[in-house]
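Please report on this model, taking the strands, the helix packing and the chain contact in turn.

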Amino acid sequence: MIRFLFKGLMRDRSRSLFPVLTVVIGVMLTVFVTNWINGFEFDFIDSSARFNTGHVRIMSRAYAREADQVPNDLALVGVGSLTDRLREQYPGLIWVSRIRFGGLLDIPDAAGETREQEPVTGLAVDLLSTGSPEPGIFKLDEVLVRGRTPRRAGEILVGEDFSRRLNVQLGDTATLIGVTMAGGLAVANFTVAGTIRFGVEAMDRGAIIADIADIRAALDMEDAAGEILGFFGDFIYRDPQAREMAARFNSRRAGDADEFAPVMEALAGQAGMGDLLAMVGMFSGMVLMVFIGIMSIVLWNAGLMGSLRRYGEIGVRLAMGETKSHIYATLIGESLMIGALGTLIGTAVGLAASYYLQVHGLNIGFMMKNASLYASNVLRAKVSPASFGIGFIPGLAATFLGAAISGLGIYRRQTARLMKELEI
Amino acid sequence: MIKRRPAWILVALALCLAGAQAPSGDWILQKVDENFGSDNKIVHSRMIIHGRRASRTVEARSWIQGEKKSFTEYLAPPREAGTKMLKLGDQLWTFSPSTDRTILISGHMLRQSVMGSDLSYEDFMEDRKLMDLYAARVEGEEALEGRPCWVLELTAKAEDVAYNSRKVWVDKERFVTLKEDLFAKSGRLLKRTEVKDVALAEGRWIAKRVVFKDMLKTGEGTEFLLDEIRFNAEIPDYIFSKASLKK
């Protein structure tokens, strides 16, 4: 029976070509947009975690309240022993200490006086310890534009565009003017080892990366850090696990009134991240719904037109004694075949387009000039296993709905009037 | 017969009544400027900065010439010792011995705190006479810590002033500012200074202990202690040169 219906469809191109093309376009767009949103969501979470929030982040309570102002005077102290305890309690996580800082970067002339000066935001991470995960977390080898990564104390990496603005060359001295943890004036000399471009506007806008030991010495933050970040070993963020871990960590200190006691926050619980992620999820669901809706209407219309064109054929079939239910079932069977065929082709085309965007990306840097989100300037899709099957939902559902609604007309035909209708 | 009073009694009465009236705001401001102003000053001071975790004391010696030039050398704590600052007109340089660098402080850095205190570099730079910067109006009289004061409302005459308006309490007899509220253009209170101790030095009344409070920050503020002041002292010219920063 299936073979019979399939042959009928293939031989009558007006019944197969237009509906299949509709399904192909719809499914292709669904697969492509799903992978595109998936890519943005993955990139946003990944960049935010690596550069800013970790999968979980530990700060002092006082620091956490004003975290956007980077109040290093409220930083965590006794970071060495706290990190050791965290490694014992959560062996599956990678723990790193970081210091964010701001100030001025001053470039001297030959006489040692100010030649160029610009406000700077910096990040101090463990660049020099043997086996430190930080160079890998920041993918320093990939983002390096000129020079090399720091190999000895006193060396820093400067944002490529920032270095050009300051007209600073590799090997030049750059003086950081900032504020110590105690609030004093901090002045420290560094040597520019290399320049970097993360492709994340929030990171590249006047940023430097320095070794945490150097910044601790410069800002008088011995055994202190603004933040301790924790990453799952596979670098995949798992929200329920992170939230549960943070809740357990904080409940152990619930009775402690010390405003400098550590507090843990999961990625999705930090600075509106949860709202953003919920919005991305909602948007992705909405896209699917809209595609299913639009395609159903288009296919319903196609089904109606087909029914009108096949008015005579259905009448003859009814006159020959075929039951209405059987005709309705064959129409639905045909539509499912068209849906399956269109979905297969549409998924293949959508996946191909997604792979292209995953590999090559689309540079939207011009739209991210003042962005504060940790999202890449290059928009990439991410092909997920789910995207291999997601097209079947709109592909089959829409064709089924279209045929089911338009096919209801069969039940309105009256056998008694068939002869008149067929003008026999 | 009515005896006529001599005319001089009426004149004296009129003069007394005039004397009892409040002097003008500008006159009070001029007296404040005269009391503290001098060509040269050498000052030894301490700042006790109360942070949220701990307090620390920064000790400094300053050489000041008129309104345009000042040179400060920090003496303690050890981390800050040897740091020097030179102000020439509207420019401010700092020298850090650990880096052997002379750095021009400019832009947004001028609004940053000096050594973590409640004073900004802008506050540090602002030592022009109040008369030149503000128009004064007497708002009333009030007693502060038992001292009768004029309450003045100052409004900036120029655009390049750190605070758009001030409310100051001036001791009626000593012409020392005992309290000051500093406001932004929006009317928001930014800083408050309160004089806790006044002493006589070289025939002038000066504020010996002042508490500065940045009203936008939490904390107990910064105490400024004036340990020693010499008015009209001899200051060699080389002090106010960039070369002296590295000496």
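## Strands, helices and a chain contact

Strand β5 (residues 91–96) of chain B runs antiparallel to β6(B), and five bridges join the two. The model is predicted. B:Phe95 has B:Thr102 of β6(B) as its bridge partner. Four residues lie between the strands of this hairpin, and B:Asp100 takes a positive phi near 55 degrees there. Strand β6 (residues 101–105) of chain B is mostly covered, with four of its five residues buried.

Next, the helices of chain A. Helix α13 (residues 324–360) of chain A packs against helix α14 (residues 392–407) of chain A at an angle of about 155 degrees, and their axes are 8 Å apart. Angles over 145 degrees count as roughly antiparallel, so α13(A) is roughly antiparallel to α14(A). Their crossing is right-handed. Residues in the contact include A:Tyr328, A:Leu331 and A:Gly346 of α13(A), and A:Phe392, A:Phe400 and A:Gly407 of α14(A).

How many residues of chain A are in contact with chain B? The contact takes in 22 residues of chain A and 24 residues of chain B. On the side of chain A, β3 (93–108), β4 (114–125), β7 (173–179) and β8 (185–196) each give two or more residues. The largest share, four residues, comes from β8(A).

The table gives both contacts by residue class.

| Contact | Nonpolar | Polar | Charged |
|---|---|---|---|
| α13(A) with α14(A) | 11 residues | nine residues | no residues |

Key. Residues are numbered from 1 along each chain as its sequence is written. Chains are lettered from A and ligands numbered from 1 in the order in which they are written. This is a predicted model: local features need pLDDT of at least 70, side-chain atom pairs count only at pLDDT 80 or more; totals for chains, interfaces and linings use all residues. Axes are lines fitted to C-alpha atoms, for helices over the stretch in contact, and angles run from 0 to 180 degrees between N-to-C directions. Angles under 35 degrees count as roughly parallel, over 145 as roughly antiparallel, 65 to 115 as roughly perpendicular and the rest as oblique. A crossing is left-handed if the near helix is turned anticlockwise from the far one by less than a right angle, and right-handed if clockwise. Two residues are in contact if their C-beta atoms, placed from the backbone, lie within 7 Å. Ala, Val, Leu, Ile, Met, Phe, Trp, Tyr, Cys and Pro count as nonpolar, Asp, Glu, Lys and Arg as charged, and the others, Gly among them, as polar. A residue is buried if 20 or more other C-beta atoms lie within 10 Å of its own, exposed if 12 or fewer, and partly exposed in between; C-beta atoms are placed from the backbone. Two strands pair if DSSP finds at least two bridges between them.
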